[in-house]
Amino acid sequence: MSRVYNFSAGPAIMPEEVLRTAQKEMMDYHGCGQSVMEMSHRSGVFDEIIREAEKDFRELVGVPDNYKVLFLQGGGTLQFAQIPMNLMKNRVADYIITGNWANKACQEAAIYGKANKIASSEDRNYTYIPDCSDLPVDEDADYVYICHNNTIYGTQFKKLPDTKGKLLVADVSSDFLSEPIDVEKYGLFFGGVQKNVGPAGMVITVVRDDLVTGDVLPGTPTLMKYKTQADKGSLYNTPNCWCIYICGLVFRWLKAQGGLEAMHKKNEKKAALLYDYLDSSRLFKGTVRREDRSLMNVPFVTGDKDMDAKFVAEAAENGLVNLKGHRTVGGMRASLYNAMPYAGVEKLVTFMEDFEKANS
C-alpha cells in the first residue's frame, strides 16, 4: 500500500526522509551494533545524539545562551502543572483563553494559586483571537500565558499580547518550528513534539536561566523542578531516547530545508492554497476569522453533518486521511504541518473541488 496524505492534528505526519533514515538505522545505529531503542542513555553514543539534537535545535531557533533547552516527558499537558509549580511565586497568573488547551492550562494553574482569565474568545466558540493590546494584567501576576496556535479551533496569534512587563509564557505545540520565533520575548515556551516535530511522548521546554531556580512551590516533586533536569542536561532520569533521536533527525531535516524562515514561506504557500479555495467555495466554509487563521490547522464545514461525514469517508478512500474535525467544532480539519508536502494540499483541494461538483 502506498503512503497516504495524513492530515492528523497529532500524532502527525513525519518527513519521509526522517522515517527512511530511522528505518535504515533501526537495527544498528552508526555501526554500534544496537538500536537507539536499546542503548543506555548514559552511553557515549546517546550522549552524542542528545547533545547534537540540542545544538541543532538552538541553531534552528536561535536560542540565546541564557536559555535552557529541556527534553522532558509528560507531553505538553504536564507543563500545565509544571509551569505554575516553578513560576507562580506570588500565586497569581493571568491566562488568555483561546481554546481547549489554554483553558485546561488555566484550570490546572488554579490548583496552585489565582488563575485570572484576562481575555477570552469563548463567546464565539474560539473562532478568533481576542484583542490583547490593553489587557487587565494583574499587578501581582507572575506571568501571562497564551496558547500560540490553537490546534482544535484553527486560530493563531499573529501579534503577541502586551503583557505590560510581565513574563510571557506560551504553549507553541502546534506551530512549533513552523516559523521563526523571537525567543527573548518569552520567559518560557514549550511544545509537545507530536504535532510538528517528532513522535508522541515528549515536550521541549525553552526557559530563561533566571527562572530555573530551586525556589518552587512547596510540595513540588523533584522531577517537576526545571532545575532538576537543567542541572543534569535532561538526563536526571531515563529520557525518551527514541523521541530525542527522531527529533534530532527532524532538526537536521529542517536545516536542510533552509531553516525556519524557508519553512514558514512553504507553510504560507500551502495554507494559501487551501484558504483561497475555501473562500471561493459554495459548499465548504472556513470557521475562523480571516486575520486569525492558523497556517497549521485549518477547520472547515459544509453546514450539514451528514455531508461532512460523507466527505471524510470518501476522502479517506482517496488517500486523504484523518480529516475529521474535533468534536467541539465538527466538520473537518486539515493539519498542514511542516512535513505535509504541497502536493498533499493540492490533492486535497482537487478532491474538494470534485466533491463539491458532485454534491452541489
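Buried, for this talk, means under 20% relative accessible area, with exposed over 50% and partly exposed in between, using a 1.4 Å probe on protein chains only. C243 comes out at 1% relative accessibility, so this cysteine counts as buried.

Hello everyone, a word on the model before we go on. This is a predicted model, where local features need pLDDT of at least 70 and side-chain atom pairs count only at pLDDT 80 or more, while totals for chains, interfaces and linings use all residues. Residues are numbered from 1 along each chain as its sequence is written, and side-chain values use heavy atoms, with hydrogens and water left out.

Let's stay with the cysteines. A disulfide here is a pair of cysteine sulfur atoms within 2.5 Å, and by that rule the count is zero. For C243, the closest cysteine sulfur belongs to C247, and at 4.2 Å that is too far for a bond. What about C106? Its closest cysteine sulfur, in C147, lies 13 Å away, so that is too far for a bond as well. C106 is also buried, because its relative accessibility is 4%.

Now to the rings. Rings of Phe, Tyr and Trp (its six-membered ring) pair if their centres lie within 6.5 Å; planes under 30 degrees apart are stacked, over 60 edge-to-face, and the rest tilted. How many aromatic pairs does a search of the whole structure find? There are 17. One of them joins F57 and F176, edge-to-face, with 6.0 Å centre to centre and 65° between the planes. This pair links distant parts of the chain, 119 residues apart: F57 sits in helix α2 (residues 44-61), and F176 in the loop between β8 (167-171) and β9 (188-192). Helices (H or I, at least four residues) and strands (E, at least two) are DSSP runs numbered from the N terminus. Both F57 and F176 are buried.

Next, please look at F300 and F311. Their ring centres are 6.1 Å apart and the planes stand at 80°, so this pair is edge-to-face. F300 is in strand β12 (residues 297-301) and F311 in helix α8 (residues 305-317), so the pair ties together parts 11 residues apart in sequence. F300 is buried at 0% relative accessible area, and F311 is buried with 0% relative accessibility. Ring pairs also link F300 and F311 into a cluster with Y277, F284, F351 and F355.

Last, charges over rings, which here means NZ of Lys or CZ of Arg within 6 Å of the ring centre and within 35 degrees of the ring normal. R124 lies over the face of Y128, 4.2 Å from the ring centre. The charged end of K269 sits over the ring of Y342, at 4.8 Å from its centre.
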